[in-house]
Amino acid sequence: MILNIAIENFRSIKDKVSVSFEATKFKELEDNFDNIEGVGNVLKSSVIYGANASGKSNILIAFEAIEYLIKESSNFKPDKAIGPYEPFKLDKSSRKKPVYFEIDFVTSNDARYIYILSFTEYKINKEELYFFPKGQKSMLYSRNEGKIKYGDYYKGERKSIEKKLLDNQLFLSKAILDKVEILNPVYAFFDDKFMAFPFFQDYHESKFHRLYAERLADPDDELFKKKFNKLICALDTGISKVESKETDWSKNKFADSVPEEVQEKLKSDYKYRIRTQHKVFEKGNEIDVEYFDKEEESKGTQSLFVLAGIIIDVLQEGAVLIVDEFEKNLHPHLTRYLIQLFHNPIINTKNAQLIFATHDITQLDNELFRRDQIWFTEKDEYGCTGVFNLSEIKGVRNNIPYDKWYDSGQFGATPIINELEMLFENE
């Protein structure tokens, strides 16, 4: 689970901002947090609201940037630019300064770590990793301007990693290749327990549709098939069953101009296709069933297939899901139901966590979220993103209608729109 993220000089974020996912002492909706021994109460979900272009997506992109660098930087070639280097550009003094990330998190074995990362376009300036043996903060390693120091708990290869380490690569990424076991839980967290989708693109949906089509057809993955069907059929989609059928390519011919290797790739990618079962009625009596291809279902149902599969996996693995536009193509009641899966202690037994941004103010509800779960982003006159929590606003109690107060502008973080008459005034 994520405890906190701090971001500085990244995209629209100029000055350092921190977003905490630790529960405050409010006595409200106590199912919405998990108590982790030695750490404290951690929120199972958090939501970010704000006007368009206010910077809420950039917070989610920061998570993705950290994940990307940890998993991919070991493959960077010499002098390759560090892609996530996107400093604040609306102040000349910030354009060449380092990007700064700090993430505080708990792994699946309830071990707490703090990972700090600062970098410019071609160089990692700072990289530090801390953990908390016996509840006390202790350094594992610290890399500062090319010099690396090791803490007493660090065990494993050192010099050979330092010799191979390029300026644009993370020590953590290279050390994993040299089997430094004490760092395995940190790398595994970002590799296996972390799913960040700051922009859920069509290619993501296509990828997951293919993945879930294969899993629904796999006789060894009955648990996933059972949970997937239960969830989809419970959400008032009119679907009574979801299954996957192998594509009969003998009935689908390619044009002669399509190369053989392309044909084989398509056959492999689309070996299985999801289809849905619906009941057929006559004079009010069920008489048969009809099968639809996935593409015949509504866009919302197709999006639901992807999100349902992801959520099942996240809950099963005790992972962190970070996603923008969580409500994409979904009815607000369905969105609410999916959020509540994370809050339900019977369903969420492995400390799974949801962090998302949305414009759907129907979810801004004191029966769904605690005050400390709700964050807002707002830009100042210089284009800098600021972040604040609902719990920080004086006079906000947990019995007020959050959505109405936000919609009326009492929390801020809403768009400011000029008068239409002025915009269309005749010259």
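Contact means heavy atoms within 4.5 Å. The model is predicted: local features need pLDDT of at least 70, side-chain atom pairs count only at pLDDT 80 or more, and totals for chains, interfaces and linings use all residues. Residues are numbered from 1 along each chain as its sequence is written, and side-chain values use heavy atoms, with hydrogens and water left out.

Phe171 touches Glu127, Tyr141, Arg143, Ile148, Tyr150, Tyr154, Ile161, Leu165 and Leu183, residues up to four places away in sequence not being counted. The largest nonpolar core has 58 residues. A nonpolar core is a set of buried (under 20% relative accessible area, 1.4 Å probe, protein chains only) Ala, Val, Leu, Ile, Met, Phe, Trp, Tyr and Cys residues joined through side-chain atoms within 4.5 Å. Ile2, Phe63, Tyr115, Phe171 and Leu183 touch the most other members. Helix H1 (residues 56-72) gives the most to this core, with 9 residues; helices are DSSP runs (H or I, at least four residues), numbered from the N terminus. Another core, of 51 residues, lies apart from it and includes Leu304, Ala308, Ile311 and Leu334.

In helix H4 (residues 184-192), Val186, Tyr187, Phe189 and Phe190 are buried. The buried residues of H4 fall within an arc of 155 degrees seen down its axis, so they line one face of the helix. The arc is that of the directions from the helix axis to the C-beta atoms.

By class, the lining of the largest pocket has 8 nonpolar (Ala, Val, Leu, Ile, Met, Phe, Trp, Tyr, Cys and Pro), 2 polar and 2 charged (Asp, Glu, Lys and Arg) residues, the others, Gly among them, counting as polar. A pocket is an open set of points on a 1 Å grid over the protein atoms alone, where a 1.4 Å probe fits, with protein on both sides within 12 Å along at least five of seven lines; lining residues have an atom within 4 Å of a point.

Definitions and conventions
Buried means under 20% relative accessible area, exposed over 50%, partly exposed in between (1.4 Å probe, protein chains only). Helices (H or I, at least four residues) and strands (E, at least two) are DSSP runs, numbered from the N terminus.
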